[in-house]
Structures are given as C-alpha cells and as structure tokens.
Amino acid sequence: MEIKAPRGVRDILPEESWKWAYILNVLRDTSSDFGYSEVHLPIFEHTELFARGVGDTTDIVEKEMYTFTDRGGRSITLRPEATASIVRLCIEHNLSGSGAPVKVWTAGPMFRYERPQKGRFRQFWQIDAEFLGVASPMADADIITLSIECFRRLGLRNLEVVINSVGCPACRPAYRDKLVKYFKSNVSGLCELCLSRIERNPLRLLDCKNENCSRITDNAPASTENLCGECSEHFAATIKLLQESEIVYKYDKKLVRGLDYYTKTAYEILSGELGSQNAVCGGGRYDNLSETIGGPRLHGVGFAAGIERIALVMEQQQCSFGEEPKPRVYVISHDSSDETVQKKVYNLTMKLRKNYIAAEMDLTGRSFKSQLKSAGSSGVRFACIIGPEEVRVNNVSVKDLTSGEQISVNEDNIIEYFKIFFEQKGCK
Ligand code: ATP
Ligand code: MG
C-alpha cells in the first residue's frame with residue numbers, strides 16, 4: 001500500500017519552497033535590523049517544560065501535545081510553541097545573568113494535535129521573537145513594532161492589530177473572582193467547555209467563539225478596568241508608544257490569548273483573508289514564565305507568527321516573493337549520442353556553476369529540438385549549444401533566446417562573456 005504523509009502535515013514542494021525562503025529571509029533581515037539574534041532550539045523538550053510553562057488548563061497542554069515516552073522512560077513532547085523553550089535556553093545558558101537584555105528569534109516547525117483545516121495544521125512553522133530581561137513598555141513596543149515591520153516588508157495589507165492587558169498576579173486574582181461571579185450568574189447559554197472552565201480558567205471564556213458565549217462575554221467585566229496601578233500605567237505607556245509611532249490598533253477587552261503565561265500586554269494581528277483562523281500573529285508579555293519553569297525572575301515579551309498563514313495571505317493579496325531562483329544558462333547538445341559532445345556539455349555546465357553562473361544541462365538524451373524547447377520554457381536567457389564542430393574548434397554557440405541571435409564564443413572566454421553580460425544587464 002502507498003504510504004502517504006500523516007493527516008495535518010504539509011510537504012513544501014519546490015514551487016512553494018522558494019517563496020518560503022523569501023519569507024524567512026525577510027523575517028531574518030527584519031529581526032536582525034531590530035537587534036534580535038537567531039537561535040536554534042531542539043524540536044523536543046521534557047513534557048514538563050510545556051505543562052508548567054504553557055499551563056495545564058490551556059488547549060495546547062490539555063489536548064494538543066504530541067507526547068511520548070522515549071526509550072529511557074522520559075516523557076518527551078514535540079514542541080507546540082517556542083517561548084517556553086527560549087526562556088529555558090536563556091536560563092540554562094545564563095544569557096541574562098549579568099542583567100543584560102536578551103533579544104532572540106527563531107523559526108521552525110511546531111506540533112499541535114488539532115483539527116486540520118485552512119491555515120491550521122498539525123505541523124506548522126512559526127517565527128518567534130522574544131525580548132527578555134526588560135520590564136519597560138518600550139520592550140512591548142519593540143516586539144509589537146518588529147512584528148508589524150515584518151509584515152510591512154512582506155507586503156501584507158489590511159491587517160488589524162488588537163491589544164489588551166490581562167493584568168498580573170497582583171490584580172488578576174480579584175479580576176478572576178469577578179469573572180467567576182459574573183459567569184456563575186450567567187450560566188444559561190454557555191457551552192459545555194466554557195461551563196467546565198468557569199472555575200479553572202475563567203479568562204479563557206472570553207475568547208470562546210460560540211455565539212451564545214460571545215453574547216454573554218460581551219458584558220463581562222473588562223480586565224483593563226480591574227488592573228493594578230502598575231499594570232494600568234504599563235498598558236497606557238505601551239499604547240502611547242504605539243500611537244507615537246502611528247501604529248493603528250484596536251483595543252479588545254475580550255482578547256486573552258490561549259497561553260497561561262501572559263501578564264500585562266496581550267496582542268494579536270489579524271487578517272480578514274484567513275477565514276476563521278484569522279490570526280497571523282499573537283504575542284504579549286510573560287513576566288512570570290521564567291519562575292514557573294524554575295528560573296529566576298525574568299521579564300519577557302514576545303510574539304509568534306504562523307508562516308503558512310503569512311504565505312496564504314501573501315498569495316491571496318498577490319504580494320511579491322522576489323525572484324524565483326532559476327538557471328541563467330542552459331547547456332544543450334547538438335548530438336547527444338556523441339560522447340565527446342556530452343562530456344563537453346557536462347564540463348561546461350560545471351565550469352559555469354563553479355563560476356557562480358547558475359546553469360542547467362539536459363541529461364535526457366532527447367533531440368536537439370526538444371532540448372532547445374525546454375531551454376526556452378525554463379525561462380533562461382541563453383542556451384549554450386555544443387556539437388561536434390564546437391568540440392573541434394573549442395567554441396560554444398551561444399544563442400540568445402530572447403532575440404534569437406546566435407554567436408560563437410571561444411570556450412576560454414565564455415565565463416568572461418556571461419559575467420560582462422549579466423553585470424551590464426543588472427541581472428542577479
Ligand atoms: P489560533 O487561535 O489560530 O489557534 P493560537 O492562539 O493557538 O492561534 P499561538 O499559539 O499564539 O496561536 O501561535 C501564534 C501563531 O501561530 C498564530 O497566530 C498562527 O498564525 C500560528 N498557528 C497557531 N496554531 C497553528 C496551526 N495549528 N496551524 C498553523 N498555524 C498556526
Ligand atoms: Mg490554537
């Protein structure tokens with residue numbers, strides 16, 4: 001029986017992979033311009049890191065993790081997100097030991113056992129950036145601005161930035177109690193899941209998409225009206241920084257985010273292009289995460305954005321992915337049955353490649369006509385034609401496929417010839 005890929009995973013084929021490379025390059029350059037350094041994280045971690053770090057009342061930990069016992073009897077989980085791992089990395093390698101801020105980013109696949117649908121997969125890619133060790137709202141603004149700048153450089157349009165503050169351990173318990181009280185007096189109409197979460201995690205009810213629940217949560221108390229002085233000032237200062245940079249945002253009192261570790265700022269960036277999976281990016285502050293996983297007090301703020309969703313919006317908005325990497329020269333043979341001719345085709349192609357001129361050759365043994373045809377449809381500018389005569393006089397027939405002109409170039413001058421041509425034309 002033919003073996004197919006598991007449900008919810010995607011192969012990235014050549015026709016798409018160059019677009020991904022473009023996206024990742026833009027993300028890399030933007031993060032670097034904002035002073036973030038790249039880190040590479042393990043794909044799997046101890047289950048406990050996520051159970052404690054992400055929070056055991058979250059969807060991720062309750063039902064979405066790929067967890068297994070390894071041969072040494074340890075409980076291992078394929079990473080469902082990157083923030084907990086980055087904080088672990090920072091603590092483990094004492095990156096913030098001297099009190100210096102740490103700004104890092106990473107990109108790679110994450111794993112969540114979800115119901116696959118448009119923009120939602122079981123293996124998906126995220127870019128993740130984290131700013132650790134700084135309590136100031138400027139760090140929040142740094143992260144939010146970085147995410148917006150990534151999308152601006154990629155050409156995404158009509159995005160909506162929504163923001164809220166979810167408080168801190170000083171003000172959240174009182175707010176939590178208010179919410180529990182409110183929901184307990186409004187139970188009729190709440191969905192099963194929300195009913196089960198009233199006591200365990202009442203904040204999560206606020207982002208339930210069920211219509212009845214949504215009507216009830218519309219009138220629930222807002223966290224921003226229940227913030228302590230410090231959180232309130234932090235929120236106002238963050239908003240002010242966004243306004244000063246002319247960032248258009250919307251305050252959403254029901255935005256809570258799915259992960260337990262958030263404190264103060266929570267934000268999302270949404271696109272109408274994505275249907276019900278409308279978030280391209282989510283992030284916020286998590287000043288207690290480090291302590292939750294056994295580290296020191298460490299402020300943190302960060303974001304994660306889904307690469308598949310970014311690519312989807314870019315396709316739908318017909319954004320540019322730059323130029324598809326293609327050969328510039330196609331080497332074809334006049335007589336593919338002639339071994340010396342074939343050898344020269346091979347050697348010339350390798351010579352071009354080693355001199356940074358992207359070249360392809362035809363190894364199929366097809367007729368000259370069909371080789372020329374595939375050279376034409378590959379989009380290259382030049383075909384280098386080799387036949388017995390070219391071998392004899394050490395020449396290459398260079399055919400300009402745009403003008404149809406053909407000239408003879410001595411093989412010793414061929415690299416020079418193309419270098420001059422491509423530089424003059426400003427081609428890459
Ligand atoms: P959603 O509400 O769509 O489930 P989330 O709040 O679970 O998102 P985060 O954990 O904040 O998402 O992840 C950040 C980003 O990663 C999301 O905004 C989205 O772009 C992307 N993402 C999350 N889950 C998936 C998935 N299963 N498939 C593809 N992309 C995803
Ligand atoms: Mg989710």
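Predicted model: local features only at pLDDT ≥ 70, side-chain atom pairs only at ≥ 80, totals over all residues.
Residues are numbered from 1 along each chain as its sequence is written, chains are lettered from A and ligands numbered from 1 in the order in which they are written, and side-chain values use heavy atoms, with hydrogens and water left out.

**Entry: the shell around ligand 1**

I then looked up backbone atoms beside the ligand. A polar backbone atom of Val280 is 3.1 Å from an oxygen atom of ligand 1, and a polar backbone atom of Cys281 is 3.4 Å from an oxygen atom of ligand 1.

How many residues surround ligand 1? I found 15, and the closest are Arg112, Glu114, Arg120, Phe121 and Arg257. A residue is near a molecule or strand if one of its heavy atoms lies within 4 Å of it. I sorted the shell into six nonpolar, four polar and five charged residues. Here Ala, Val, Leu, Ile, Met, Phe, Trp, Tyr, Cys and Pro count as nonpolar, Asp, Glu, Lys and Arg as charged, and the others, Gly among them, as polar.

Strands S6 (123-132), S10 (279-285) and S11 (300-306) each supply at least two residues of this shell. Helices (H or I, at least four residues) and strands (E, at least two) are DSSP runs, numbered from the N terminus. The largest share, four residues, comes from S10.

**Entry: the eight-stranded sheet**

I traced an open sheet of eight strands in the order S1-S5-S6-S11-S10-S9-S7-S8, with mixed pairing. Its edge strands are S1 (37-38) and S8 (250-251), each of which pairs on one side only. Two strands pair if DSSP finds at least two bridges between them. Strands of a sheet pair through backbone hydrogen bonds, either parallel or antiparallel.

I followed S7 (residues 159-165) in detail. Seven bridges join S7 to S9 (residues 263-271), and the two run antiparallel. S7 is joined to S8 by two bridges, and that pair runs parallel. Ile163 has Tyr267 as its bridge partner in S9, and Ile163 stands opposite Tyr251 in S8.

Why is S7 largely enclosed by the rest of the structure? Five of its seven residues are buried, so the strand is largely enclosed. Buried means under 20% relative accessible area, exposed over 50%, and partly exposed in between (1.4 Å probe, protein chains only).

**Entry: the hairpin of S15 and S16**

I found that S15 (residues 395-400) and S16 (residues 406-410) pair in the antiparallel sense over five bridges. Val398 has Ile407 as its bridge partner in S16. The two strands form a hairpin with five residues between them, and Gly404 in the turn has a positive phi of about 85°.

**Entry: residues with a positive phi**

Most residues other than glycine have a negative phi, and most peptide bonds are trans. Asn394 lies in the loop between helix H14 (388-393) and S15, and is partly exposed at 29% relative accessible area.

Asn94 also has a positive phi, about 50°, although it is not a glycine. Asn94 is in the loop between H4 and S5, and at 55% relative accessibility it counts as exposed.

Pro101 lies in the loop between helix H4 (83-92) and strand S5 (102-111). Its relative accessibility is 48%, so I marked Pro101 as partly exposed. Pro101 and Gly133 are 32 residues apart in sequence and 4.7 Å apart in space, C-alpha to C-alpha. Not counting residues up to four places away in sequence, Pro101 touches Phe131, Leu132 and Val134; contact means heavy atoms within 4.5 Å.

Is Glu149 buried or exposed? Glu149 is buried, with a relative accessible area of 15%. Glu149 is found in helix H5 (residues 137-154), and a polar contact of 2.9 Å joins its side chain to that of Arg152. Leaving aside residues up to four places away in sequence, Glu149 touches Thr30 and Phe34.

Key. Polar contact = N/O pair within 3.5 Å; in protein donor to acceptor, adjacent residues only side chain to side chain.
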